[in-house]
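Please keep the sequence and the 3D view at hand while reading.

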Amino acid sequence: MIQYGQDIYHEIGRHTSRKKITPFNNWQLTKFTFNKEKYYLFVEIDSGITVVTEKIDKDEFQDNLAIVIDSFEYITLQQRDSIFNANSEDGFNLVYSSSIDSSITKDLMNYIQNNSQDLNQKFNFKNKNMVVEDKALVLSLLLMNLSQDYMSRLIETIAFQVNQVFPIKTKRPRANVKYYDLSPKFIDPIHWEEYLNKDISKNDEITAEIKKNNEKIIDQYLKNAQMDSAVFTGNPRDQLRDFTNNFLLSRRLRFVNSNLGDVSYYIWLCIFYGIKPDFGHSDEHFKTIIAGLLMMFNDFYIFLSRVGLVTQADSNRVNDICQQQFVTFTEDEYADENTNGNVKQMTEDLLTDIKQFNEKPDDKKTDAELADIVMKLMKFGEKAKLTQNKGEIKENKKRNAAMYEIRAKLKGFKPLIWRRFVINGNSSLETLSQALLLMFNAAGGHMYDLYNPKTDTRYENQQNIEMMSEWRTEDAVNSEDVKVSTLNEGDKLLLTYDYGDNWEIEVNVKKISYKNVQLKYPQIISGKGLGISGKGLGIIEDIGGVWSLQDYYDTPKAQLDPDLLDWIGDIDLDEFDKDGLNKALEQPPYLYASF
């Protein structure tokens with residue numbers, strides 16, 4: 001819902017909507033003039049998220065919003081997607097409201113009107129090579145970072161709200177899973193479930209009970225920790241006590257297994273405000289401290305899975321969070337980053353000749369906030385350099401008659417779901433991709449690609465290439481034109497399917513052999529000396545990705561959502577029907593749904 005007053009009414013007239021205000025979609029729209037150019041200011045009233053555009057346009061608003069949200073490194077990627085999704089599709093609803101009056105909007109408008117010189121010092125807005133829509137993007141980022149104090153309050157507000165509205169909930173494991181191997185020496189936090197997400201600051205008795213129980217959780221963890229305590233440069237007990245008895249009890253009560261979004265935010269706070277390099281640490285010392293902190297939290301949540309408070313899938317999520325935070329704070333992701341975004345010309349020009357966007361980020365004279373803004377643009381903007389035509393080899397004629405033995409497995413799921421199969425070298429990589437999807441129970445109703453990291457080549461079918469041509473600039477090679485014979489023994493590829501659920505299948509070329517019998521179709525193999533040829537059913541379409549699949553597998557059937565069971569039906573993820581799959585492989589084309 002985007003509400004506007006009289007100033008916008010004179011431009012677009014009266015708009016109405018029956019849509020209700022939803023979290024992170026309660027905007028006020030107004031306009032301002034800066035350096036004699038007109039801009040439109042969108043302010044999310046409840047969170048303070050700010051977007052500036054050149055015109056009242058859904059696409060420009062969503063493009064700039066996506067880049068602003070991607071800078072929220074203190075929340076998880078899933079939560080960032082949730083904020084954006086709240087404003088996509090039907091989220092751009094303009095509504096006239098004569099009473100709309102946000103204090104945040106007032107403050108920002110006052111700042112813009114009274115501090116134009118300050119804004120111009122932070123960025124060279126008078127550069128003639130920049131168009132207004134590019135300047136609007138920079139203003140969007142700058143207005144989210146007016147000062148250290150303003151930024152801190154904004155971060156706290158956004159993080160608190162996103163963890164209330166879009167929590168990363170955990171589940172409990174089945175009693176018979178192997179990793180659940182420790183008996184808890186503490187009271188299950190569910191004992192205080194009635195107080196969850198409530199303010200207990202004035203309830204001293206309950207607060208004391210929970211703190212005492214958290215100490216018991218920490219005690220048992222330290223007795224069963226798998227991590228060498230010497231790796232952690234601080235005091236693990238003090239750190240976990242701060243997390244459980246200070247952070248998780250502030251504002252509203254949360255438990256260690258309530259919301260993994262709390263873990264991401266707490267870790268980010270510790271690093272950003274506590275151990276940043278400019279606090280006197282050398283670069284290597286800084287990385288060591290961060291690694292120790294992240295390893296401890298990863299180990300702590302492995303322990304929580306062992307005592308049955310979270311599933312192994314949840315502890316894997318924490319591992320992902322830790323890895324992402326390590327990248328955020330220690331790696332230079334910007335100089336050669338090849339990422340997709342929504343800004344078409346600005347970042348292309350920026351990467352080609354960054355001097356036109358003021359001084360270089362690493363120049364000592366460059367304002368720190370400016371350097372941060374430019375770096376964010378380099379990270380989140382669209383890839384500037386078009387990939388040159390790689391002149392891919394389409395086939396290896398000598399190996400067209402060869403038989404390729406390949407082993408593939410679903411990434412991130414336990415127990416392993418895998419296949420061993422053969423395919424002839426004369427088959428296309430598109431046939432290989434489709435056969436893999438069939439073998440892993442994918443209907444093919446989403447886009448997919450096959451990536452070879454060794455050659456940095458992405459293979460996609462023609463339909464996929466045409467659909468994505470407006471969204472990105474990098475070249476993809478048509479998988480229908482390239483044969484399996486181009487692959488070498490030992491090659492490791494990655495098949496990605498459904499860019500929303502992001503299923504990943506690891507593909508390993510195990511053996512290339514020459515036999516008299518030429519297979520017409522791919523076949524799952526087994527036989528004397530070969531052992532079994534696969535395990536597990538595969539994916540469940542649209543369930544939410546591998547972590548949701550893991551949760552479904554680990555959760556006792558009685559505890560599963562009845563609506564989920566009605567939708568999915570009676571599925572056995574341990575089922576592996578080799579004969580049925582081989583029969584299906586003999587009937588191409590393999591994909592019975594199309595995107």
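Among contacts in the protein between residues at least 6 apart in sequence, 71% link residues that are at least 24 apart. The model is a predicted one. Its secondary structure consists of 19 helices and 14 strands. Of the 595 residues in the protein, 52% are buried.

The nonpolar interior comes next. In soluble globular proteins, nonpolar side chains tend to be buried together. Here the largest nonpolar core has 91 residues, and the members that touch the most others are Phe72, Phe297, Tyr301 and Leu304. Helix α11 (residues 283-306) supplies the largest share of this core, 10 residues. At least three residues of the core come from each of domain 1 (2-164) and domain 2 (189-353).

With neighbours within four places in sequence left aside, the contacts of Tyr301 are Phe243, Val256, Leu260, Val263, Val310, Ser315 and Val318.

Two packed helices are described by the angle between their axes and the distance between the axes. For helix α15 (residues 429-439) and helix α19 (residues 578-585), the axes come within 10 Å and cross at roughly 145°. The crossing of α15 with α19 is right-handed. On the α15 side the residues are Ala435, Leu438 and Met439, and they meet Leu581, Ala584 and Leu585 of α19. By residue class, this contact of α15 with α19 comprises 6 nonpolar, no polar and no charged residues.

A last stop is leucine 139, which lies in helix α6 (residues 132-142). Is leucine 139 buried or exposed? Its relative accessibility is 1%, so leucine 139 counts as buried, the cut-off for that class being under 20%. Which residues does leucine 139 contact, leaving aside its neighbours within four places in sequence? They are Phe32, Phe34, Tyr39, Val52, Leu119 and Phe125.

Key
Residues are numbered from 1 along each chain as its sequence is written. This is a predicted model: local features need pLDDT of at least 70, side-chain atom pairs count only at pLDDT 80 or more; totals for chains, interfaces and linings use all residues. Side-chain values use heavy atoms; hydrogens and water are left out. Axes are lines fitted to C-alpha atoms, for helices over the stretch in contact, and angles run from 0 to 180 degrees between N-to-C directions. Helices (H or I, at least four residues) and strands (E, at least two) are DSSP runs, numbered from the N terminus. A crossing is left-handed if the near helix is turned anticlockwise from the far one by less than a right angle, and right-handed if clockwise. Contact means heavy atoms within 4.5 Å. Ala, Val, Leu, Ile, Met, Phe, Trp, Tyr, Cys and Pro count as nonpolar, Asp, Glu, Lys and Arg as charged, and the others, Gly among them, as polar. A nonpolar core is a set of buried Ala, Val, Leu, Ile, Met, Phe, Trp, Tyr and Cys residues joined through side-chain atoms within 4.5 Å. Buried means under 20% relative accessible area, exposed over 50%, partly exposed in between (1.4 Å probe, protein chains only). Domain bounds come from an automatic or database domain assignment.
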